[in-house]
Amino acid sequence: MELFLIFSVLITLAAFFSYLNIKFLKLPSGISLMMMGVFAAAGVIVTGYFSSGFTEMIREKLALIDFSEFLLGILLSFLLFAGSLHVSIPELKKSAKSIISFATIGTLISTLVVGYSLFYLLSAFHQDIPLIYCLLFGALISPTDPIAVMGILKKTNLSKNIETNIVGESLFNDGIGVVIFVTILKIATLGLENFGPADIGILFIHEAIGGIIIGLIIGFIGYKLMKSIDHFQTEILISLAMVMGGYSLCHSIHVSGTFSHGSCRVNDR
């Protein structure tokens, strides 16, 4: 019942801010939800100044949820799959080289730029944070949200080629970002002497290539099952099974579920 109450509050806040956004602000939905989070957090902090009991209650409620597991293990699977459904496979193949370049080299460059910039900025304020942790932060925020990107692109008049490149890059850079993040985390915890280039290559093959292979297999099976029937309720259940079952499988065998869901996109019949 406690979890139901938390989700009820979150859904109510999301509905309220979405209404205000559609009615007055006219901002992309992703930005409006981010603003909701900022205002909600600010409201909790301000209320906490006047009532310590309120702050303690919020902490107790939030302690019921493992947000890392909830976001990365549950919500991300649905977001990535929903995002991939709006991508045209033929258009994606045409722009494959540029998308791969943006998703890999672009994410890596972003990680380095953000990491080093944060390191020097903190140093200027006499905050001695090791560079490796600044790079870890850079890897954390470099991948873009495919759902937010597509929501913004819907209101623009970009060419189909540019749109495909941006959406495709935002879809696959999550997987690259996860690999970069895990690599830097391993270096931070084990040391560079205990986690060299060979280990990084094995990690990339296991996480990225393994995720892609699992995604292609799941997508092929799901496509064949949907093609053999004409019953939309069952097709929806198959889609949900692909999202939840596929992501759980990837998690259990320690491959990237983000790569998997980017590659298990099913064509329309």
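The expected span of a helix is 1.5 Å times one less than its number of residues. Helices (H or I, at least four residues) and strands (E, at least two) are taken as DSSP runs and numbered from the N terminus. By the rule for span, helix α9 (residues 160–190), with 31 residues, reaches 45 Å from its first C-alpha to its last, close to the 45 Å expected at 1.5 Å a residue. The model is predicted: local features need pLDDT of at least 70, side-chain atom pairs count only at pLDDT 80 or more, and totals for chains, interfaces and linings use all residues. Residues are numbered from 1 along each chain as its sequence is written, and side-chain values use heavy atoms, with hydrogens and water left out.

**Overall architecture**

- The protein chain has 12 helices and zero strands, and its pattern along the sequence is α-α-α-α-α-α-α-α-α-α-α-α.
- Of the 269 residues in the protein chain, 33% are buried, where buried means under 20% relative accessible area, exposed means over 50%, and partly exposed lies in between (1.4 Å probe, protein chains only).
- Among contacts (heavy atoms within 4.5 Å) with a separation of 6 or more, 71% join residues 24 or more positions apart.
- The accessible surface of the protein chain comes to about 16,500 Å², and carbon and sulfur atoms account for 73% of that area.
- Accessible areas come from the Shrake-Rupley method with a 1.4 Å probe; for residues, only the protein chains shown count as cover.

- After α9 comes G191, which has a positive phi near 95°.
- In helix α7 (residues 131–141), the buried residues are C134, L135, L136, G138 and A139.
- These buried residues of α7 pack against α6 (96–124) and α9.

**The nonpolar surface patch**

- A nonpolar patch on the surface, with about 1,100 Å² of accessible area together, is formed by L62, F67, L71, I74, L75, F78, L79, F232, I236, L237, L240 and M244.
- Patches are made of residues with over 30% relative accessible area and no salt bridge; like charges are joined within 9 Å, and nonpolar side chains (Val, Leu, Ile, Met, Phe, Trp, Tyr) within 5 Å.
- Helices α4 (67–85) and α11 (232–252) each supply at least two residues of the patch, and α4 gives the largest share, six residues.
- L237 is located in helix α11 and counts as exposed because its relative accessibility is 57%.

**The salt bridge**

- One salt bridge is counted, under the rule that a side-chain nitrogen of Lys or Arg lies within 4 Å of a carboxyl oxygen of Asp or Glu.
- The partners are E91 and K94, whose closest N and O atoms are 3.9 Å apart.
- Both residues lie in helix α5 (residues 89–94), three residues apart, about one turn of the helix.
- An α-helix has 3.6 residues a turn, so residues three or four places apart point the same way.
- K94 counts as exposed, since its relative accessibility is 67%.

**Individual residues**

- H126, in the loop between α6 and α7, has a positive phi of about 60° although it is not a glycine.
- Most residues other than glycine have a negative phi.
- With 69% relative accessibility, H126 counts as exposed.
- G37 belongs to helix α2 (residues 29–50) and counts as partly exposed at 31% relative accessibility.
- G37 and A14 are 23 residues apart in sequence, and their C-alpha atoms are 9.0 Å apart in space.
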